[in-house]
Amino acid sequence: MSDSNDKYGKLWNLLDIRDEAVVHEMEIALRRVGVYNLDDLAFLSVKDMGFPSMVNKIFRRKFSAVCEYYALGNRLKRDSTIQDVLQTLNANAAQSPLSTPNGNSAQQPENPHNEVPVAQAIPISEPLGQNIEKPSSKHQIHVVIIGDCSPYKRGWHHLEQFLKIETCYVHSVINIGHTDETLVIYCRDKNIQLIAKIEELLVPQPNLYVLGPSRNHDLFKLMNMKYPPSSVLLDLPGTITLKSLEALSNVAADNNCPLYLNCSRVVAPYVQNTLEVASLQTRPQVSWFHNQSIPMVRMSEAFSKGRILHTSALPELMIAVMYFGVKVESICRFQVNPAMTNYQTISGITDYVRAAFMMTTHSGVQLSIIVDRNANATSCLGVVNDDQGRVIQQFDHMHAHCDLKLKRRLVRGLMKSTTEILPSIRMGVEALKLAEYAGKHLEKNLKDMKPPKKTGLLNRLRSKKK
């Protein structure tokens, strides 16, 4: 950025721009209109300037004032301030004669930038990036998305879905990493402010901050802000630990901020249908099947993303906590199905390719979870059995819009227009406790199993020598 500082350094200092992303976008915009050094500002028509979407109206008026300052033949000094610029422009406006001594009207000074006269007071205390556009009355939840929002990334997925919810107003996108030009144009068209790092934003309440999979640690920054969020939605990575999730839960509870998990499977139609049938049984026996078609050549990648009980089986464990109230202390019996359980070591990581177990609670509820990473096809099933183990009914997962369905339910809950249950952070903590509890029982069951007898040629030769 040394060349940039030589050309525009005085301008960035005067406008108090410290964000490198904003500097970069402004440099591109200036070059597009032929401004390669500060002297070129004297000939710039601001109406032709394509400002980046992350700058607000206050910034644009300051920039317009600097252009008019240069058009009058002035030049910035290294210690110049915006107050100096405004004083010079106001003094020049006061000295401009409106009529000549002979009564003829004097020619009005040109306003080459087609802007509001800078003699009017320009507020300079508002932080860069502040969204001063107010949403219409139908938008009641203000959404801020934090994470990688480049096209086809998780943040972009959240952005598109919240824009589909009529009672949401996407206030800001805090993009982490490289800012794609497509994202800049998209946010500009949708009147969304785009910034490059977390800073203190005055976001109207009620609001919802959405944290991407790798941004959970940002929750601690948000809670220390002057205006902390009123609610947060988390994307959980498979590598998160119980201790880390409890820390997130505690900091949210200390700040009285509801924290929700983006576990969309819990609202899928097949889950709701299964629950409805199970509710008609005295002691329901419910099985949840989750099949993934991951080929063995790619299993090492799946292993590296997290253990099976913390990733593939986590939605089923969340269902057990949310709808059946299952906790570690409520389990009276835990059974492993060894025939459907298989673990392997791939690329130095040991985990389960398949896992199957049944939990029985003190109240008589029986829940079976069967997860297979290496199935023939991807599918999810909910099966309800009677007391004799006979299948009453089963439902397939045939819905592709669960993420949007969960977001709509969450927004309704934040607006107090529904009493539907939502996946909270405390439920996530209980689900991870179940995952660790199940992991210990699976490991114990495998240790109790005798390893298969070795029958290779070398072993037969060794046995003969003995």
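I looked up S249 and found it buried, with a relative accessible area of 4% (buried means under 20%, exposed over 50%, partly exposed in between, with a 1.4 Å probe and protein chains only). I note that this is a predicted model, in which local features need pLDDT of at least 70 and side-chain atom pairs count only at pLDDT 80 or more, while totals for chains, interfaces and linings use all residues. Residues are numbered from 1 along each chain as its sequence is written, and side-chain values use heavy atoms, with hydrogens and water left out.

I placed S249 in helix α8, residues 242-254 (helices are DSSP runs of H or I with at least four residues, strands are runs of E with at least two, and both are numbered from the N terminus). Leaving aside neighbours within four places in sequence, I found S249 in contact with I425, R426 and V429, where contact means heavy atoms within 4.5 Å. I also checked S249 against L259, which is 10 residues away along the chain, and the C-alpha atoms of the two are separated by 7.3 Å.

**Whole chain**

I counted 14 helices and 13 strands in the protein chain, and 47% of its 466 residues are buried. Among contacts with a separation of 6 or more, 70% come from residues 24 or more positions apart.

**The parallel sheet**

I traced an open sheet of 6 strands in the order β3-β2-β1-β4-β5-β6, with parallel pairing (two strands pair if DSSP finds at least two bridges between them). At its edges I found β3 (193-195) and β6 (259-261), each of which pairs on one side only. The twist averages 20° from one strand to the next. Within this sheet I followed β1 (residues 141-147) and β4 (residues 207-211), which pair in the parallel sense over 5 bridges, and I saw that I145 stands opposite V210 in β4. Helix α12 (residues 402-414) lies across β1, β2, β4, β5 and β6, and runs at about 160° to β6; axes are lines fitted to C-alpha atoms, for helices over the stretch in contact, and angles run from 0 to 180 degrees between N-to-C directions.

**Strand β11**

Is S368 buried or exposed? I found S368 buried, with a relative accessible area of 14%, and its place is in β11 (residues 366-372). Not counting residues up to four places away in sequence, S368 touches V286, S287, W288, F357 and M358. Because 6 of the 7 residues of β11 are buried, I noted the strand as largely enclosed by the rest of the structure.

I then looked at the partners of β11: β7 runs parallel to β11 and is joined to it by 7 bridges, with Q285 opposite Q366. Strand β10 (residues 349-361) runs antiparallel to β11, also over 7 bridges, and the bridge partner of A355 in β11 is V371. In the hairpin of β10 and β11, with 4 residues between the strands, G364 takes a positive phi near 95°.

**The largest pocket**

I read about 1100 Å³ of space in the largest pocket. Its lining has 33 residues, of which R265, Q292, T311, S312 and P315 lie nearest the centre. The elements that give two or more residues to this lining are β7 (285-293), α10 (299-304), α11 (314-324) and β12 (374-385). A pocket here is an open set of points on a 1 Å grid over the protein atoms alone, where a 1.4 Å probe fits, with protein on both sides within 12 Å along at least five of seven lines, and lining residues have an atom within 4 Å of a point. Grid points are joined across faces, edges and corners, and the volume is the space filled by probe spheres set on the points.
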